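Here are my notes for a colleague who is opening this entry for the first time. Please keep the viewer open while reading.

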Amino acid sequence: MPNETDREVRSTLPRAWAPPEPHLFVVVEGDRPTAGGVRCSLREVEEVVLTREDARHAYRGGGSTLLNLSLPDHKVSSRHARLLRSAQGWRLRDCGSTNGTFVNGVPVTDQLLSDGDVIEVGRTMLRIRLSLATPEGTPPIAQSEAGELTGLCTLLPALGAELALVRRVACSSVPVLLLGETGTGKEVVARAIHATSGRPGEFVAVNCAALPATLVESLLFGHVKGAFSGAAREEVGFVRRAHGGTLFLDEIGDLPPAAQAVLLRVLQESEVVAVGSTRPISVDLRVIAATHQPVEVMAEHGGFRRDLLARLQGFTHRLWALADRGEDIGLLVAELLPRFAGERAHEVRLSPGAARALVRYQWPLNVRELVQVLSLAHTLANGLQIEASHLPSALTTVAHRAPTPGEAPDSLSPEQIAVRLELIAHLERSAGNVAAVARQMNKAPMQIYRWMHRLGIDPRAFR
């Protein structure tokens, strides 16, 4: 989850933000999990009609306050359900559908929606966000598209604004520092940056935490024959292998101090000296570093070289935890299924229980956990229909439990619980005024909304 030192709303982001507004997301279609998702702004919309058609469409007539969202789902009725704006908020009403309408796994006919609720029609999972900040000029309707570069696509406007900056920086030679929780996909983003850069050389990935302490410098910078016992031949090392390309240094916070000093010289002089040699060799490489550790804090206390950190921080991007971008689950599923199902990925189907579980789970281990879950499910399915029984019990338990008002999500750390309690205290004092809470906590309103979504807090409960 975002912590108190999080700087996701940095000065490099667009400064012009539209007022927060409600959005409806098509997160995943069980009949077409490789189709990705759709985001629809509900600004100036008074009614949303969910229908069945042969293709997925989201459209509004000129000046109309009616949004038509059609789904190619055979379990959806021709006129399945409506979302209506009311004085209390957004209401969901079933239109006498054959297979019913569900909210968080519970059948409903008429219900007031809360932020983050999962709406289930047929085999399609949708999610409503009641107050989502967006940069000005964001298209009101957007959908993920096949062929978009893995790691640099999202349906969330705020994250999209950050990734747009990553794309711009990718085309330069500026070093990039990727921060974020373990499993958020830092190497995936690094590979996407390299692919976008057009650099002709290799993408060379190095896990600094896995380098043997006695061989770090030799593996990174190379060595000449006879440099040490066992050096039977010359090795160029990872740095020279990345000449003309990109050197990705994962878990840079675990790099030993001696190697940090040599790496600093490589970055300063654009040359490397192999172990056992005195001859510098010029290198042209782009460095992307990544870590889940608080390197800025480490640098302040001598655990990481400040001068090296300054070299690596050409541009810093903090990856979002998967729980903060649950609306992208369908997009990620669409990207990952071809890894396991190959050319038959488009034939894979998700049962309603499986789709519901994927969307409602909090994913404490992030994208890496999603990869493992999908790999296991595809193996256990022994076919093209993934059922809830093919998923770990942690997912299915959450999928069938409806949250109570104000309930905290599962698997919160002590730090997350502390932030949640602080938010609740501010919301109580401010009668649910999020802008006032943002001022009190010296945070951007977007950050407060993201925390509330992640921590299971509905500001309306305090009004």
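Which backbone nitrogen does the side chain of Ser 41 reach? The answer is in point 3.

1. **Ground rules.** This is a predicted model, in which local features need pLDDT of at least 70, side-chain atom pairs count only at pLDDT 80 or more, and totals for chains, interfaces and linings use all residues. Residues are numbered from 1 along each chain as its sequence is written, and side-chain values use heavy atoms, with hydrogens and water left out.

2. **Overall build.** The protein has 14 helices and 22 strands. These are DSSP runs numbered from the N terminus: helices are H or I with at least four residues, strands are E with at least two. The radius of gyration is 24 Å, close to the 23 Å that the globule rule gives for 463 residues, so the protein is as compact as a globular protein of that length. That radius is taken over C-alpha atoms, and the rule is 2.2 Å times the number of residues to the power 0.38. The C-alpha trace spans about 80 × 55 × 45 Å along its principal axes. Of the 463 residues, 53% are buried. Buried means under 20% relative accessible area, exposed over 50%, and partly exposed in between (1.4 Å probe, protein chains only).

3. **Ser 41.** This residue lies in strand β2 (residues 38-41). Its side chain reaches the backbone nitrogen of Arg 43 at 3.2 Å. Ser 41 is buried, with a relative accessible area of 7%. Not counting residues up to four places away in sequence, Ser 41 touches Glu 21, Pro 22, His 23 and Pro 140. Contact here means heavy atoms within 4.5 Å.

4. **Glu 187.** Look for it in helix α2 (residues 186-197). Glu 187 is partly exposed, at 30% relative accessible area. Leaving aside neighbours within four places in sequence, Glu 187 contacts Phe 203, Ala 205 and Phe 248. Glu 187 and Asp 250 are 63 residues apart in sequence, yet their C-alpha atoms are 7.5 Å apart.

5. **Helix α13.** Start at its N-terminal end, which Asn 433 caps: a side-chain oxygen lies 3.1 Å from the backbone nitrogen of Ala 435. Within α13 (residues 434-441), Val 434, Ala 436, Val 437, Ala 438 and Met 441 are buried. An α-helix has 3.6 residues a turn, so residues three or four places apart point the same way. Just after α13, Asn 442 takes a positive phi of about 55°.

Definitions and conventions. Polar contact = N/O pair within 3.5 Å; in protein donor to acceptor, adjacent residues only side chain to side chain.
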